[in-house]
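Dear colleague,

I am passing on the structure we spoke about, and I would be glad if you read it alongside the notes that follow.

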Amino acid sequence: MVAKKRTAAAGPSSSKPRSADLELLYAVTREEYGRIHPRLKKMLQDVADLYAGRWPSHEACEVAYHDFSHAVDAAVAVARIAAGWNRAHPANKFDEELYCAAVAAGIFHDSGYIKDKGDREGQGGKLTDTHVQRGMELAENYLRQAGWPERAAVFVPAAMAFTDYQNERDLDHLFRDEQELAAARMIPTADLIAQIADSRYIEKIDGLFTEFSEMYEHLAQNGTPGGRTQIYQSAQEIRDGIIDFYEQFVAPRLAKFGHMDHYLTVYFGAGRNPYHENIAANLSSHLLGSRYQWHRLGDVLKGLGLINDRQLLGALERQRQVRNSGALKPDADQLKATMLLQWLNAQTTGDNLGDMLLEMDAVQPTALAHGLLQQNLPDQLLENLDTIELRTLLQISVMAQHLGRGPWMLVKIMELLNQLLSCENGSIMLATPNRNEMLIASPGGPRAGRFGSRSVPVDKGLAGWVYSNDKPAIAANVLSDQRFDSTVDAGLNSATRSLLAVPLRVNGTCLGVLEAVNKTNGSFNEHDLQILTVIANLIATALSEVSMPEKKE
């Protein structure tokens, strides 16, 4: 196993530009073969043009889930798995021709969702049932016309056939040796793990449901029953079933394809597999649901290789002992409470299996936190966070994803924020539609409930300065800071002494301000600022999905 740090080991997808992901693919390739074969580079650029609608034969890709982003993610995963194979089998490394063919299969594997030129009906979801065959034909035609070796023209469509999960059949005989078969099995493996490890996986499910809805309508209009296709009533139904989907669909196929995903651990080194970490994080984000308990995560973590049987059994035994001891005796009202309150109660009483696994050092907190926080957590901050800070940030991240359940979620998030930053109070201020004032939406700490429907002008006070300038601010002593406006404290029993405030920003637009007030042990510092910025990003992203209530006069 190689433990050295890799320049191309950035982990699964984030929200960076797709050109950067292609550069990542180029970096993995150069690391393995010392160059990028001209055919490979031209093919990647040509496929980018295909998805952008610059081929005379096809429209631009319009589906939101199986888009160019996913195609590149899958190709990068294929390249990394192949590189891990090369390190694990130095005497049986893939030659450059086979490597390039495998990457080609990865980038083409969902191209069948792209409509033919002139097709204006729908976005491409109607092609779900036929997309694998269409993509195979498109890839083979391209490779032959582009002068690729015959071996690639045969291998690529055959490997892509493995991704036809609704029509699974024995394809092993299509490959001339065990090495080719291993490379072919990397294609469906990369397809599955790349999408579930994507840090945007949960939010992209809306796009997946749109594709399914178009497929259902197309099948109905054409009198096709679509018996092989599961019918979903909503995107939320898909989200609620992601653990079932992983356990009953993904995991068996990863095993069927020989667990090629484990070569990623070889590639990244140091015993880490960021794809597995992100998958665990994405799955854990839905353990608030009544059907899914934390003990199920234990099985998932074991299947991903993050813990072993001994650690899991030990944690389950500790869970049994806690419950038998009567440490947790929920009454009828508690049983009727929301899933969030049940989850917080489990965190407090220590009967939660996820917590036990962390306390036993069976799995590092980063294995759960990395994927959910990847887009917002700077590398330098990650290195400086302790276990409690990581755990709390993970809880806030999970809760923020469920903000749509009601504004009371904000109060719970602010309680955790106050604990994390050791401050007396925190507030979320949201700009009203006319943007001339900010509504104090969810105060926390000992002042909770005192603000009511109060608002502050956007041109006054330190919070107004942060909003107007879209910049963070630290005031160790507010009385000596000219930006502070004492009128905000009018009528309150306790005065503001120190203040930390950051913008709530989504896609470059400032929605409001997140404040932390009165540090209880010293002064707010840059570490606090980084943590509050991460929390602000999580909250702002969640708030962008919630309609802003109009301020009552």
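R483 is partly exposed, with a relative accessible area of 25%, where buried stands for under 20% relative accessible area, exposed for over 50% and partly exposed for what lies in between (1.4 Å probe, protein chains only). Its salt-bridge partner is D481, with 2.9 Å between the closest N and O atoms, and D481 is buried at a relative accessible area of 16%; a salt bridge here is a side-chain nitrogen of Lys or Arg within 4 Å of a carboxyl oxygen of Asp or Glu.

Before going further, please note that this is a predicted model, in which local features need pLDDT of at least 70 and side-chain atom pairs count only at pLDDT 80 or more, while totals for chains, interfaces and linings use all residues. Residues are numbered from 1 along each chain as its sequence is written, and side-chain values use heavy atoms, with hydrogens and water left out.

The structure holds 27 salt bridges. One of them joins K519 to D528, the closest N and O atoms being 3.1 Å apart; K519 counts as buried at 12% relative accessibility, and D528 counts as buried at 4%. Another is formed by the side chains of R151 and D95 (3.1 Å, N to O), a pair that links distant parts of the chain, since R151 lies in helix 6 (residues 150-160) and D95 in the loop between helix 3 (68-88) and helix 4 (96-108), 56 residues apart. R151 counts as buried at 16% relative accessibility, whereas D95 counts as partly exposed at 35%. Both belong to a network of salt bridges that links D95, E97, R151, R176 and E180.

For the protein as a whole, 56% of the 553 residues count as buried, and 69% of the contacts between residues at least 6 apart in sequence join residues at least 24 apart.

Key:
Contact means heavy atoms within 4.5 Å. Helices (H or I, at least four residues) and strands (E, at least two) are DSSP runs, numbered from the N terminus.
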